[in-house]
Amino acid sequence: DSLDEATIKQQINLITDYLKRGKVIAYPTDTVYGLGCDARNAAAIKRINKIKGGKGRKPLLILISDFKMLKKYCWVNIKQMKYLEKIWPGPITVILKNRSNLPDELTGGLNSLAARLPKSEFLVKIINEAGFPVVSTSLNQKGEKQLADAKNLKKHFKNLPELAVDAGIIKGRPSKLIDLRDVKNIKVI
């Protein structure tokens, strides 16, 4: 990373400012580019669905900065915790029973919530600084393939996010999804 601390701090402040104001951002994750917003903000989540061109009943995942944040939004028992400590941070999203304190627009009205602790210091700093989980859904129109960079978004989207964070090309793969609600019966989805 050729960026100095001050520049990184400025970027983090800019991004968190947008998130706190209920804006939608296109941003790099440790896996792929994502569309994100404050996971508590129903209007921002609706905007993400509009950008993607979806109907918006599909549950979206959240990125968290630590286990404390996870426990605020999901029910996590000791066995689940032990499992999570082995796989996180990293490219694995887990489905847990949610505490029903996030909007239905995010969860699709389900009693479960998909969450992930990313393996990216930059992202974790943003989420920490914001103080809330951030929605993460792939940067693409419904039915189209995932974008590898945040350039020329006008070419791909009718409705644009308010901020696009360009980190060059990311040739990652979306995270793996695991249903961890029943520790005795962990399902890879």
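The largest nonpolar core holds 59 residues, of which Leu70, Leu84, Trp88, Val94 and Leu106 touch the most other members. Such a core is defined as a set of buried Ala, Val, Leu, Ile, Met, Phe, Trp, Tyr and Cys residues joined through side-chain atoms within 4.5 Å. Buried denotes under 20% relative accessible area, exposed over 50%, and partly exposed the range in between (1.4 Å probe, protein chains only). The model is predicted, so local features need pLDDT of at least 70 and side-chain atom pairs count only at pLDDT 80 or more, whereas totals for chains, interfaces and linings use all residues. Residues are numbered from 1 along each chain as its sequence is written, and side-chain values use heavy atoms, with hydrogens and water left out.

With neighbours within four places in sequence set aside, Leu70 is in contact with Ile64, Val76, Leu84, Trp88, Leu96 and Ala115; contact means heavy atoms within 4.5 Å. In soluble globular proteins, nonpolar side chains tend to be buried together.

Helices (H or I, at least four residues) and strands (E, at least two) are DSSP runs, numbered from the N terminus. Leu84 lies in helix α4 (residues 78-87), where Gln80, Met81, Leu84 and Ile87 are buried. These residues line one face of the helix, because they fall within an arc of 130° seen down the axis of α4, the arc being that of the directions from the helix axis to the C-beta atoms. Ile78, Lys79, Lys82 and Lys86 are exposed on the other side of α4. The buried residues pack against α3, β4 (74-75) and β5. Asn77 caps the N-terminal end of α4, with a side-chain oxygen 3.1 Å from the backbone nitrogen of Lys79. A polar contact is a pair of N or O atoms within 3.5 Å; within protein, one must be able to donate a hydrogen and the other to accept it, and residues adjacent in sequence count only if both atoms are side-chain atoms.

In strand β6 (residues 112-116), five of the five residues are buried. Ser112, Ala114 and Arg116 are buried on one side, and Leu113 and Ala115 on the other. Two strands pair if DSSP finds at least two bridges between them. Strand β3 (residues 61-63) pairs with β6 in the parallel sense over three bridges, and Ile62 stands opposite Ala115. Strand β5 (residues 92-98) runs antiparallel to β6 and is joined to β6 by four bridges; Val94 has Ala115 as its bridge partner.

Helix α2 (residues 42-52) has Ala44, Ile45, Ile48, Asn49, Ile51 and Lys52 buried. They lie on the same side of α2 because they cover an arc of only 160° around the axis. The face turned away from this buried side carries the exposed residues Ala43, Lys46 and Lys50. Packing of the buried residues of α2 is against β2 (33-36), α5 (104-107) and β7 (134-138). At the start of α2, a side-chain oxygen of Asn41 reaches to within 3.1 Å of the backbone nitrogen of Ala43.

Cys37 is buried at a relative accessible area of 0%, and Cys74 counts as buried at 1%.
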